Amino acid sequence: DGAPAFLDGFHADVVHPALAQGEANADPDSAAETVPPPSVAPGDRIRHFVVHERLGSGGAGVVYRGRDTLLARDVAIKFLAPSLSRDSAARARLVREAQAASRLDDPHVCPIYAVESTVDGGLCIVMAYCAGGTLRERLRGGVIPLAEINRVAQHLAHGLASAHHAGIVHGDIKPANVGFGEGEVARLLDFGVAVHAHEAAGGTRGLSGTLPYLAPELWRGETRGPRTDVWALGVTFFEMVTGRRPYTGADPAALREAILVGELPPMLRADGTSIAPPLESLIRRMLSTDPAARPADGAAVLAALASSAAPPLAINGITPGSTPPIDAAHAIGARHGSRNRRIALNVVGAAALALAGVAMMSSTPQDAVSPPAIEVARTSLPLSSIAVLPFTTRGGRNIEYLADGMVDLLTPAFDGTGLV
């Protein structure tokens, strides 16, 4: 039904070799370690940047730790693979990656410092160094504590919300593209296959990215958009919770079939601990085979996380031992003024109160979604039905994302009440 055409159309510089050769169950990031290094060596200088040791490689590039001697800080330097150093399309993608990430002023997107030319005529990106390694490395190290999962999930949704607000579709969300900076701040990396939302809507098709993280509609030949990023983020959340990917296959065709069927395995943790039902419900929605059933974008995921049974988020200060506070108002447009932030906080607060009220009316304990430290009195008036209608926003385009986000947040909370 069209699978051979898709398999023939994989981008060789994006799909990792092990997967293209039929090892769909292999670690999609391990095959990239075979990429030969560029013609640089520790000690080489690129203007005021000094190259140190190699950190790792991806489908089209190699990353080294470096030192910015002018500003006295460690950096990461990404070089094109030697085979692509003269490829005009690959060079354009590298510049596009830098441009996409540099447009986002967000603590959960890895900042870009410079694009430089090498002595042999190649290009490299200089970016922030993530001293804490990647999420992929942490997953290889064993079970991730639930408290860390909640924190990392919020950080990634925060960064993705900013990207979507700027009209950028990342296109390759996965654990290997999540780094940890100072203070254990999780950051999105590698915008190498990112596109602007209008480009995706205009017909940017094809399987670009990493196969286990490609949403079902991409396998069907449809276009990318914020909801395909949400699906890939759902796979990443599933991996953090269980230590494994939700869908596997003996070869790309089998993997495609598993993703299209969409039968999720149980979210069981190796250490026997259980995840909060609201978080599990959110992951299941994110991994729906129907794009319309998923949260609309990163902001909707962040709003759902903020109102789930996860630990409360600091709003007016920094919780001891934690990273800076995350809130849905700051997720998008912290640069757009305190008035918009106050409006966003009020809307999210109202949603949290509504969720708590619904939880108390529900007759099944597993459906309860009651944010900590929020108490709502049980209503004495009988309710025969509740309808969740489209929201409108006031305050400008900077907070329009909340209209879809609140519908996505509230609707699942009424499941099981019999009121919808």
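These are my notebook entries on a predicted model of one protein chain.

**Ground rules.** I number residues from 1 along each chain as its sequence is written, and side-chain values use heavy atoms, with hydrogens and water left out. In this predicted model, local features need pLDDT of at least 70 and side-chain atom pairs count only at pLDDT 80 or more, while totals for chains, interfaces and linings use all residues.

**Overview.** I looked up the secondary structure and found 14 helices and 10 strands in the protein chain. Helices (H or I, at least four residues) and strands (E, at least two) are DSSP runs, numbered from the N terminus. Next I looked up burial: 50% of the 420 residues are buried. Buried means under 20% relative accessible area, exposed over 50%, and partly exposed in between, with a 1.4 Å probe and protein chains only. Then I turned to contacts (heavy atoms within 4.5 Å). Among those with a separation of 6 or more, 65% are between residues 24 or more positions apart.

**The sheet.** I traced an open sheet of 6 strands in the order E1-E2-E3-E4-E6-E5, with antiparallel pairing. Strands E1 (45–46) and E5 (112–117) stand at the edges with a single partner strand each, so one side of each has no neighbour in the sheet. Two strands pair if DSSP finds at least two bridges between them. E4 pairs with E6 (residues 123–128) over 5 bridges, in the antiparallel sense. There, Ile77 has Val126 in E6 as its bridge partner. E5 and E6 also run antiparallel, joined by 5 bridges. Glu116 has Cys124 in E6 as its bridge partner. The hairpin of E5 and E6 has 5 residues between the strands, and Gly121 takes a positive phi near 90° in this hairpin.

I also checked what lies across these strands. Helix H3 (residues 88–102) lies across E4, E5 and E6, at about 20° to E6. Axes are lines fitted to C-alpha atoms, for helices over the stretch in contact, and angles run from 0 to 180 degrees between N-to-C directions.

**Aromatic rings.** How many aromatic pairs does a search of the whole structure find? I count 2 aromatic pairs. Rings of Phe, Tyr and Trp (its six-membered ring) pair if their centres lie within 6.5 Å; planes under 30 degrees apart count as stacked, over 60 as edge-to-face and the rest as tilted. Tyr64 and Phe79 are edge-to-face, at 5.8 Å centre to centre and 85° between the planes. Tyr64 is in strand E3 (residues 61–68) and Phe79 in strand E4 (residues 73–80), 15 residues apart. Both Tyr64 and Phe79 are buried. Trp231 and Tyr247 have ring centres 6.0 Å apart and planes at 10°, so this pair is stacked. Trp231 belongs to helix H8 (residues 226–242), and Tyr247 to the loop between H8 and helix H9 (252–261). Trp231 and Tyr247 are buried too.

**Charges over rings.** A charge sits over a ring if NZ of Lys or CZ of Arg is within 6 Å of the ring centre and within 35 degrees of the ring normal. Arg73 lies over the face of Tyr113, 3.7 Å from the ring centre. Arg138 has its charged end over the ring of Phe180, 3.7 Å from its centre.

**His164.** Is His164 buried or exposed? I found His164 buried, with a relative accessible area of 12%. His164 is in helix H5 (residues 146–165). Not counting residues up to four places away in sequence, His164 touches Pro226, Asp229, Asp297 and Gly298.
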